[in-house]
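Thanks for coming. I will go through one structure, taking the helix packing, the metal site and a few backbone details in turn.

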Amino acid sequence: MAERILIRGAYVLSQDPAIGEVLGGDVLIEGDTIAQVGKGLSAADAQVIDATGDILIPGFIDTHRHTWETSIRTCAPDYALVTYFSGILDNFAPKYRPEDVYAANLWGALECANAGITTLVDWSHIINTPAHADAGIQGLQESGIRSVYAYGFGNTSLQAWWFGPDYTGSVERIDGADARRIRQQYFSSDDGLITMGLATRGTNFCKPDVVRFEWELAKELGVNITVHVAMDRFGYTKGQLTGLRDMDLLYPNTTYVHSSHLTDEEWLLVRDSGGNVSLAPQIELQMGHGWAPAQKAEELGIPVGLSSDVATTASADQFTQMHAIFASERGRRHAASWDENLDGLTPTPDLISCRQVLRWATIDGAKVAGIADRTGSITPGKKADLVIIDGHAVNVAPIIDPVAAVVCAADISNVDTVIVDGRIVKSGGKLHASLDGPRKAVEESRDYLVSKVEPQAGWAVAARA
Ligand SMILES: [Zn+2]
């Protein structure tokens, strides 16, 4: 019989509408699968985890992270999007060796496990050679978390890969032969702990024949597309979604990252084509992409996933994203109320709620990642990807509303236990993986990369000391 784990007595925030929130609930895991959710469950031979007074949630889903940038974490705290393009992509990316991608991906995925993120969409636009792809996948594999490896493209110069030699679009294509190799070599099944996506640049960044090639490649491979759209002025004036529509390339289950400046017409294209959005609110606010339009997406019934995007500029965890989007989307609505001249005694209408925010960070994120059939909620039959939040911690207790406790009070330090695919990867607040080797590798990678680039404005000197 499969190994069994019984989690007892938690505030179970299932994110499954049929189950709801079970106070003092139990969850039985058999092997890699959630077997039962309820009260007073018993399983004589099970390992029992007493979670009385703690909060049990589905593992968080990070729907878009350039994990390869973990080895240059926080090198660019003061960057805007436009300076990021030159400072990170033009400067660091061409210097990356396969071992840098490996070290960054392993460390970044371990960071996820520590923070209660059980699924990571690794948006890997660092395929400077096929060996870079192998290295990125190896890092994800060794971490033990669930992930979507979004196979991307090279990043050897902006002119080649983002804007084109004449600033009218790149002529470089994703390496189709290598993408096919990766699909066959690592992802011949879609049931594994790691599955595949395609990370593309899309209209306004690429010549039309490149866009068509990459979209048709995704269709041939049978994987979902993830693409950045409507961030800052990039794509704003010419309409990336209308461009895709004109080429008949609006595929279902495509993830539109950022989407800050989509027009009303384009929002309807996302909805009507069965697309979804990944929003990185901390980064979008900090770096000037625009607002994180979660409320707009929600009104249209478009799934919203949260994401951390770049560790170069902000912390990469879902508590940060939840705080950022809760504040920014409510802030926008409050500001509109001010403009509507409400009398100050009337509460601002139509504010988002903390329950929406937790849903975006979990089950909706799983929809965006394309794997809601197996994760994102505490549902019998789904994989056991679960997180226990310490309800007794000094910044969490006393609990009145457990959802509010997760969204408004908790942080990474309260992530007590993390289970991925039925395996306990963190307990008692400690990761089970050994960190010394991976940390040494990522620090060596940092030393190498920093030594290869010109010092950047605003850098402190610690990394060069
Ligand atoms: Zn991004």
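H11 and helix H12, residues 354-361, cross at roughly 140 degrees, and their axes come within 10 Å. That angle makes H11 oblique to H12. Before I go further, note that this is a predicted model. The crossing of H11 and H12 is right-handed. From H11, the contact uses Gln318, Met322, Ile325 and Phe326, and from H12 it uses Cys354, Val357, Leu358, Trp360 and Ala361. Sorted by class, the contact of H11 with H12 has 8 nonpolar residues, 1 polar and no charged ones.

Next, helices H5 and H6. H5 covers residues 176-186 and H6 covers residues 208-221; they pack at an angle of about 20 degrees, with axes 11 Å apart. The two helices are therefore roughly parallel to each other. H5 and H6 also make a right-handed crossing. On the H5 side we have Gly176, Ala179, Arg180 and Arg183, which meet Phe213, Leu217, Glu220 and Leu221 in H6. The contact of H5 with H6 divides into 4 nonpolar, 1 polar and 3 charged residues.

H2 passes H3 in a right-handed crossing. H2 contributes Pro98, Val101, Tyr102, Asn105, Leu106, Ala109 and Leu110 to the contact, while H3 contributes Ala131, His132, Ala135, Gly136, Gln138, Gly139, Leu140, Glu142 and Ser143. Those residues in the contact of H2 with H3 come out as 9 nonpolar, 6 polar and 1 charged.

Now the metal. Which protein donors does the zinc ion have? They are His64, His66 and His228, each through NE2, and Asp309 through OD, at 2.1 to 2.5 Å from the ion. Along the chain, the donors of the zinc ion follow the spacing H-x1-H-x161-H-x80-D. Histidine 64 sits in strand E6, residues 60-65, and aspartate 309 in the loop between strand E13 (304-306) and helix H11 (318-339), so this pair ties together parts that are 245 residues apart in sequence. As for geometry, the angles among the 4 donor atoms run from 82 to 168 degrees, and the site of the zinc ion is irregular. For reference, ideal angles at a metal are 109.5 degrees for four tetrahedral donors.

Two backbone points. Alanine 230 has a positive phi of about 50 degrees, although it is not a glycine. Alanine 230 is placed in the loop between strand E10 (224-229) and helix H7 (240-246). The other point is a cis peptide bond between alanine 397 and proline 398, with omega about -5 degrees. Proline 398 belongs to the loop between strand E14 (386-389) and helix H14 (402-409).

Last, aspartate 421. Where does aspartate 421 lie? It is in the loop between strand E15 (415-420) and strand E16 (423-427). Leaving aside neighbours within four places in sequence, aspartate 421 is in contact with Gly31, Asp32, Arg146, Leu193, Lys383, Ala384 and Asp385. Alanine 361, which we met in the contact of H12 with H11, is 60 residues from aspartate 421 along the chain, and their C-alpha atoms are separated by 18 Å.

That is the end of my tour.

Notes
Residues numbered from 1 in each chain as written. Predicted model: local features only at pLDDT ≥ 70, side-chain atom pairs only at ≥ 80, totals over all residues. Heavy atoms only, no water. Left-handed = near helix turned anticlockwise from the far one by under 90°. Helix = DSSP H or I, 4+ residues; strand = E, 2+ residues; numbered from the N terminus. Contact = heavy atoms within 4.5 Å. Nonpolar A, V, L, I, M, F, W, Y, C, P; charged D, E, K, R; others polar. Donors = N, O, S within 2.8 Å, 3.2 Å for Na, K, Ca; no water. Tetrahedral: all angles 85-135°; square planar, octahedral: opposite > 155°, others 65-115°. Axes fitted to C-alpha atoms, helices over the stretch in contact; angles between N-to-C directions. Parallel < 35°, antiparallel > 145°, perpendicular 65-115°, else oblique.
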